[in-house]
Amino acid sequence: MTLLEQHDQLIRKKISALPQGKEAGLAEIFGDDWVQIGTSGQRKEFGRLFKAAVSKKTYPDITWVRIENSGRFDVYQKL
């Protein structure tokens, strides 16, 4: 089971809670639950898997926008 599969319910809950048009990185989207994903290395892997899943429309309510240069993280937008 992948990290995405393990946290699928939490992912969907967090995406649905975002206001439409909101742009945020994963740490902001998940808030206090971000540490629940795992170690720093696991969160990096989660980020790669999440970006791939978004591009495949696994989570159709959110889209990838850009890489934020300060802090080097992916930014997503709630559709």
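**Aromatic pairs, helices and sheet**

There are 6 aromatic pairs in this structure, where rings of Phe, Tyr and Trp (its six-membered ring) pair if their centres lie within 6.5 Å, and planes under 30 degrees apart count as stacked, over 60 as edge-to-face and the rest as tilted. Helices (H or I, at least four residues) and strands (E, at least two) are DSSP runs, numbered from the N terminus.

The model is a predicted one, in which local features need pLDDT of at least 70 and side-chain atom pairs count only at pLDDT 80 or more, while totals for chains, interfaces and linings use all residues. Residues are numbered from 1 along each chain as its sequence is written, and side-chain values use heavy atoms, with hydrogens and water left out.

Burial is judged by relative accessible area: buried means under 20%, exposed over 50%, and partly exposed in between (1.4 Å probe, protein chains only). Trp-34 counts as buried because its relative accessibility is 16%, and Phe-46 counts as buried because its value is 0%. Phe-46 also pairs with Phe-50: their ring centres are 6.1 Å apart and their planes stand at 15 degrees, so this pair is stacked. Both residues lie in helix α4, 4 residues apart, which is about one turn of the helix. Phe-50, at 1% relative accessibility, is likewise counted as buried. The aromatic residues Phe-30, Trp-34, Phe-46, Phe-50, Tyr-59 and Tyr-76 form one cluster.

The helix that carries Phe-46 and Phe-50 can be taken next. Helix α4 has 16 residues and spans 23 Å from its first C-alpha to its last, close to the 22 Å expected at 1.5 Å a residue; the expected span is 1.5 Å times one less than the number of residues. Its buried residues are Phe-46, Gly-47, Phe-50, Ala-53 and Val-54. Viewed down the axis of α4, they fall within an arc of 135 degrees, so they line one face of the helix; the arc is that of the directions from the helix axis to the C-beta atoms. The face turned away from this buried side bears the exposed residues Lys-44, Arg-48 and Ser-55. The buried residues of α4 pack against α1, α2, α3, β2 and β3, contact being defined as heavy atoms within 4.5 Å. After α4 comes Lys-57, with a positive phi near 65 degrees.

Helix α2 (residues 8-17) has Leu-10, Ile-11, Lys-14 and Ile-15 as its buried residues. These cover an arc of only 130 degrees around the axis, which puts them on the same side of α2. The other side of α2 has Gln-9, Lys-13, Ser-16 and Ala-17 exposed. Among the elements that cover the buried residues of α2 are α1 (3-6), α3 (26-30), α4 (40-55), β2 (62-68) and β3 (73-78). Lys-14 counts as buried because its relative accessible area is 16%. Leaving aside residues up to four places away in sequence, Lys-14 touches Ile-29, Phe-30 and Asp-33.

A nonpolar core is a set of buried Ala, Val, Leu, Ile, Met, Phe, Trp, Tyr and Cys residues joined through side-chain atoms within 4.5 Å. The largest such core has 19 residues, of which Phe-30, Phe-46, Phe-50 and Ile-62 touch the most other members. Two or more residues come from each of α1, α2, α3 and α4, and α4 gives the most, with 4 residues. Phe-50, again not counting residues up to four places away in sequence, is in contact with Leu-4, Ile-11, Ile-15, Leu-26, Tyr-59, Ile-62 and Tyr-76.

Two strands pair if DSSP finds at least two bridges between them. Strand β1 (residues 23-24) runs antiparallel to β3 and is joined to that strand by 2 bridges; the partner of Ala-24 in β3 is Tyr-76, a residue that also belongs to the aromatic cluster. Strands β2 and β3 pair in the antiparallel sense over 6 bridges, with Ile-67 standing opposite Asp-74 in β3. The hairpin of β2 and β3 has 4 residues between the strands, and there Gly-71 adopts a positive phi near 100 degrees.
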